[in-house]
Amino acid sequence: MAVHTSIQPRQKWWNVTYAAISMVLALWGAYDYWVAIPAKEAAVAAYDSAARSVEDFEAKAQAAASAPGGAQPLSADEVAAYTQAKSVVDKGRPTPPAAYDRPVQLWMYMVGCGVLGVPWFLWQWLGTARRRYSLEDDGTLVAPEGRVGRSDIADFDMDKW
């Protein structure tokens, strides 16, 4: 009676698990690349704009106060804009994204994990699912690589074992 076997099921499920992990990492990289990093850049740009506005309003108010003849101080609209800009500046400057953030998210996560990793592990999963091995009664091994007869096996190298 011939013995039939295939790759262990856990090997198949490891490939599926790795593909899922790669997909999650790719989606995370895409989110960071298109959403999180631009949001950080926008926050830094808003802070820099508010800081320039605060400096301009303070310089204008100081010039009006030191000018002879009672120059007009800031208008009500300018005071409101100054207060809003000052509240942004008082929160502190947000940390800008590092220069390597976008390339890492693009190449490591989106390309490496998503474009290359997911198909690779799914291909391995499909490839291992179809592999079947059989040891026939006469000692012939039938594998996807071919048939190996009992007489073709000369010796086993037992150094590894």
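Biologist: Which strands form the open sheet, and in what order?

Modeller: This is a predicted model, in which local features need pLDDT of at least 70 and side-chain atom pairs count only at pLDDT 80 or more, while totals for chains, interfaces and linings use all residues. Residues are numbered from 1 along each chain as its sequence is written, and side-chain values use heavy atoms, with hydrogens and water left out. The open sheet has 4 strands in the order β1-β2-β3-β4, with antiparallel pairing; strands are DSSP runs of E of at least two residues, and helices runs of H or I of at least four, numbered from the N terminus.

Biologist: What makes β1 and β2 a pair?

Modeller: Two strands pair if DSSP finds at least two bridges between them; β1 and β2 (residues 132-135) have 4 bridges in the antiparallel sense, so they meet that definition. Thr 5 stands opposite Tyr 133 in β2.

Biologist: Why are β1 and β4 called edge strands?

Modeller: β1 (3-6) and β4 (146-148) each pair on one side only.

Biologist: Where does α1 bend?

Modeller: α1 bends by about 45° at Asp 32, the bend being the angle between axes fitted to the seven residues ending there and the seven starting there.
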